Amino acid sequence: MTARSEAPPPGSPRRARLVALAAATVALLLVIALFVVPRRRGPREIRVLTDRTESHLAPLFAEFERATGLAVRVVYLDKGLLARLESRPTEADLVITKDADLLELARGKGLLQPVASEAIRAAVPERFREPSGAYFSDAYRARAIFYSRERVKPEELSTYEALAEPRWRGRVCMRSGYHDYNLSLFGQMLAAYGPARTEAFLAGLKANLARTPGGDDRGQARAIYEKKCDVALANSYYMGIMLSSADQRAWGEATAVFFPDQLQGGSFVLRSGLALTTARENVAPATRLLEYLVEPATQDRLAALTFAYPVAGKAELSEINQRLGAGQPGVVRGVFVVHDVPLAETAKNREAIVRMLDAIQFDQPR
Ligand SMILES: [Fe+2]
């Protein structure tokens with residue numbers, strides 16, 4: 001007999017059973033292949049969670065992808081970065097934020113793992129690295145005073161605290177006192193000056209407001225342009241952004257940047273921050289991306305895109321930034337004296353600042 005003659009004839013019950021068995025086996029193998037055997041993927045994507053501006057970061061990520069062949073997947077958030085990290089701690093491999101204070105809070109909640117990289121230690125000055133390696137900054141910007149070129153002489157300006165003096169009554173504009181930028185500034189003042197001076201400053205500042213705190217930083221420059229006020233607190237990079245934008249140039253041209261406290265310890269700065277989450281699978285490529293972001297060429301690109309001050313750039317500042325604070329004692333071609341306050345100190349001051357703001361109803365409609 002041949003083997004062929006042993007096969008059950010088509011249509012027989014035994015043949016049907018064999019076909020069914022074969023189909024079940026194939027299905028089972030598929031299930032095993034899909035769900036049980038660990039899937040071997042190609043190089044994994046590096047997953048980034050960020051509250052920074054997409055148009056600033058996307059070109060840098062694209063360049064990194066081209067150079068390394070690694071893929072970067074980014075979730076861009078407007079706000080709520082810390083809450084998102086708390087609810088989905090390993091959703092991303094790394095976090096990039098415009099507000100490194102948030103990383104100090106994340107560190108306290110055990111949401112970060114240390115960055116182990118000789119390249120980053122070598123590139124980033126110590127004062128921009130958290131001592132245990134939990135996070136570091138790639139750039140900073142002054143929380144500065146913007147003033148009317150028409151109605152204020154720079155000689156009239158000096159310190160943050162001077163903005164609380166009676167001569168500025170009804171002349172100050174600013175966004176909400178509770179915005180992260182202001183919480184960080186006020187938290188640094190609390191660390192540097194202590195509670196009595198900080199409370200007095202906040203009360204005087206509130207008394208001098210021209211209108212209810214609100215809007216964003218550029219909105220305050222616009223208000224100066226519209227003669228609603230004469231001075232405002234805003235971040236230094238907004239000058240570059242306004243002067244580079246057709247519809248905001250007039251706001252930038254109507255105002256100038258003053259770096260406060262240059263003769264009294266330096267201006268307070270806001271630091272952007274980068275860190276690894278506790279996700280374990282992708283540490284090496286994620287660290288590679290962090291290293292890339294502090295390479296001199298990337299830093300110079302970042303500075304050109306954002307008008308922030310890079311921590312490790314090689315090139316000179318952009319022309320616009322070189323003119324910031326021109327003529328101000330202590331400022332040389334846009335480079336200003338920074339009052340360094342460790343983030344570990346400012347982050348823990350946030351609640352105290354919120355209580356001070358609440359006590360004087362800082363944002364109350366005027
Ligand atoms: Fe901003």
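The chain has a radius of gyration of 28 Å, whereas a compact globule of 366 residues would have one near 21 Å. That radius is taken over C-alpha atoms, and the globule rule is 2.2 Å times the number of residues to the power 0.38. The C-alpha trace spans about 115 × 45 × 40 Å along its principal axes.

This is a predicted model, in which local features need pLDDT of at least 70, side-chain atom pairs count only at pLDDT 80 or more, and totals for chains, interfaces and linings use all residues. Residues are numbered from 1 along each chain as its sequence is written.

**Overall make-up**

The chain holds 16 helices and 11 strands. These are DSSP runs, numbered from the N terminus: helices are H or I with at least four residues, strands are E with at least two. Of the 366 residues, 42% count as buried. Buried means that 20 or more other C-beta atoms lie within 10 Å of the residue's own; exposed means 12 or fewer, partly exposed in between, with C-beta atoms placed from the backbone. Among contacts between residues at least 6 apart in sequence, 77% join residues at least 24 apart. A contact requires C-beta atoms, placed from the backbone, within 7 Å.

**Two domains**

Domain 1 covers 46-139 + 270-318, and domain 2 covers 141-268 + 320-359. The bounds come from an automatic or database domain assignment. Taken over C-alpha atoms, the domain centres are 26 Å apart. At the boundary, 14 residues of domain 1 are in contact with 19 residues of domain 2. Helix H5 (residues 101-108) gives the most to the domain 1 side, with 3 residues. That side has 7 nonpolar, 2 polar and 5 charged residues. Here Ala, Val, Leu, Ile, Met, Phe, Trp, Tyr, Cys and Pro count as nonpolar, Asp, Glu, Lys and Arg as charged, and the others, Gly among them, as polar.

**The five-stranded sheet**

An open sheet of 5 strands runs in the order S2-S1-S3-S10-S4, with mixed pairing. Its edge strands are S2 (72-76) and S4 (112-113), each pairing on one side only. Two strands pair if DSSP finds at least two bridges between them. S1 (residues 46-50) pairs with S2 in the parallel sense over 5 bridges. Thr 50 stands opposite Tyr 76 in S2. Helix H12 (residues 283-293) lies across S1, S2, S3 (94-97) and S10 (273-277), at about 175° to S10. Axes are lines fitted to C-alpha atoms, for helices over the stretch in contact, and angles run from 0 to 180 degrees between N-to-C directions.

Strand S5 is largely enclosed by the rest of the structure, because 10 of its 10 residues are buried.

| Partner of S5 | Bridges | Bridge pair |
|---|---|---|
| S11 (residues 309-310) | 2 bridges | Tyr 140 with Tyr 309 |
| S9 (residues 269-271) | 3 bridges | Arg 141 with Leu 270 |
| S8 | 4 bridges | Ser 148 with Thr 255 |

Helix H9 (residues 217-225) is mostly covered, with 7 of its 9 residues buried. Among them are Asp 217, Arg 218 and Arg 222. The cover includes strands S5 (139-148), S6 (172-173), S7 (231-235) and S8 (255-258), plus helices H10 (237-243) and H11 (249-254). Lys 227 follows H9 and has a positive phi, near 65°.

Pro 195 lies in helix H8 (residues 195-208). Pro 195 is exposed, because 12 other C-beta atoms lie within 10 Å. Its C-alpha atom is separated by 29 Å from that of Gly 110, 85 residues apart along the chain.

Note on methods:
Two residues are in contact if their C-beta atoms, placed from the backbone, lie within 7 Å.
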